[in-house]
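Colleague: I should be grateful for a close look at one part of this model. Please take a single element and describe its residues and their partners.

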Amino acid sequence: MRCSDDSCNLPSVQKINQILELDHVSPEDPWILKEYLSSKLRSQGIIGYPYSKLVGDFRDYWFLDTKK
């Protein structure tokens, strides 16, 4: 299955719920949630308010596991 956008890279509903419930939270989780929420807003044509703390691309932070 091919994706024309980044929807194939979205985390599962289970992972999102795990993050929201702070269950086994890892350093990558805030960025995973940020990317998920931003993607959902974009898919609906909504421009979200800019983040003030989670800035930049999470792939640029050497200490984050970008494979999650």
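Colleague: Let us begin with lysine 34: what is its relative accessibility, and does lysine 34 count as buried or exposed?

Modeller: Lysine 34 has a relative accessibility of 11% and therefore counts as buried; buried means under 20% relative accessible area, exposed means over 50%, and partly exposed lies in between, with a 1.4 Å probe and protein chains only. Please note that this is a predicted model, in which local features need pLDDT of at least 70 and side-chain atom pairs count only at pLDDT 80 or more, whereas totals for chains, interfaces and linings use all residues. Residues are numbered from 1 along each chain as its sequence is written, and side-chain values use heavy atoms, with hydrogens and water left out.

The chain has 2 helices and 0 strands, where helices (H or I, at least four residues) and strands (E, at least two) are DSSP runs numbered from the N terminus. Of the 68 residues in the chain, 22% are buried. Helix H2 covers residues 29–43 and helix H1 covers residues 13–20.

The element to examine is H2. Its 15 residues should span 21 Å at 1.5 Å a residue, and its end C-alpha atoms are 21 Å apart, which agrees; the expected span is 1.5 Å times one less than the number of residues. The buried residues of H2 are Asp29, Trp31, Ile32, Leu33, Lys34, Tyr36, Ser38 and Ser39, and these pack against H1. Contact here means heavy atoms within 4.5 Å.

Lysine 34 also takes part in a salt bridge, its side chain meeting that of glutamate 35 at 3.7 Å, N to O. The term requires a side-chain nitrogen of Lys or Arg within 4 Å of a carboxyl oxygen of Asp or Glu. Glutamate 35 is partly exposed, with a relative accessible area of 28%, whereas lysine 34 is buried.

By this rule the count comes to 2 salt bridges. Aspartate 29 and lysine 15 form one of them, with 3.1 Å from N to O. This pair links distant parts of the chain, since aspartate 29 lies in H2 and lysine 15 in H1, 14 residues apart. Aspartate 29 counts as buried because its relative accessibility is 0%, and lysine 15, at 19%, counts as buried too. Leaving aside residues up to four places away in sequence, aspartate 29 touches Lys15, Ile19 and His24.

Rings of Phe, Tyr and Trp (its six-membered ring) pair if their centres lie within 6.5 Å; planes under 30 degrees apart count as stacked, over 60 as edge-to-face, and the rest as tilted. The count by this rule is 1 aromatic pair. Tryptophan 31 and tyrosine 61 form a tilted pair, with 5.2 Å between centres and 45 degrees between planes. This pair, too, links distant parts of the chain: tryptophan 31 is in H2, while tyrosine 61 is in the segment after H2, 30 residues away. Tryptophan 31 has 10% relative accessibility and so counts as buried, whereas tyrosine 61, at 27%, counts as partly exposed.

Finally, H2 is followed by glycine 45, whose phi is positive, near 75 degrees.
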